[in-house]
Amino acid sequence: QVQLVESGGGLVQPGGSLRLSCAASGFTLDYYAIGWFRQAPGKEREGVSCSSSDGSTYYEAFAKGRFTISRDNAKNTVYLQMNSLKPEDTAVYYCARGVCGESTYAMNYWGKGTLVTVSS
């Protein structure tokens, strides 16, 4: 049974950092892309970053230079390091499994999300 469980969200001040984790189970991470997405209140879900199975990484424009995606296949976990956080980064962050490319996503399994709140 495929499962994705996000953790690491919380309340952080503007300019602060958080590291989100996506723990995968029920499949071997090596063969799949894992993407991070977010949905802010009142807005549609949007892509943030993706780590493909071939080692390529992709970032949306707002994430470049501030967010870093990485994976530890031995731990079946994908991380999203978020630095220089802004209030507009406040959202529920989801990880998902599928296929991805430059601003292109086709995901078929989703986690339940973790809330990130950036506020002073």
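**Aromatic pairs and overall fold of a predicted model**

A search of the whole structure finds four aromatic pairs. Rings of Phe, Tyr and Trp (its six-membered ring) pair if their centres lie within 6.5 Å; planes under 30 degrees apart count as stacked, over 60 as edge-to-face and the rest as tilted.

Residues are numbered from 1 along each chain as its sequence is written, and side-chain values use heavy atoms, with hydrogens and water left out.

Phe-27 is buried, at a relative accessible area of 12%, whereas Tyr-32 is partly exposed, at 29%. Here buried means under 20% relative accessible area, exposed over 50%, and partly exposed in between (1.4 Å probe, protein chains only).

Both rings also have a charged neighbour. Arg-97 lies over the face of Phe-27, 4.8 Å from the ring centre, and over the face of Tyr-32, 3.8 Å from the ring centre. A charge sits over a ring if NZ of Lys or CZ of Arg is within 6 Å of the ring centre and within 35 degrees of the ring normal.

Phe-62 is partly exposed, at 25% relative accessibility, and Phe-67 is buried, at 3%. Elsewhere, Phe-37, Tyr-105 and Trp-110 are linked into a cluster by ring pairs.

The protein as a whole contains zero helices and eleven strands. Helices (H or I, at least four residues) and strands (E, at least two) are DSSP runs, numbered from the N terminus. With a radius of gyration of 13 Å, close to the 14 Å that the globule rule gives for 120 residues, the protein is as compact as a globular protein of that length. The radius is taken over C-alpha atoms, and the globule rule is 2.2 Å times the number of residues to the power 0.38. The C-alpha trace spans about 40 × 25 × 25 Å along its principal axes.

Of the 120 residues, 46% count as buried. Among contacts (heavy atoms within 4.5 Å) between residues at least 6 apart in sequence, 56% join residues at least 24 apart.

How values were computed: Predicted model: local features only at pLDDT ≥ 70, side-chain atom pairs only at ≥ 80, totals over all residues.
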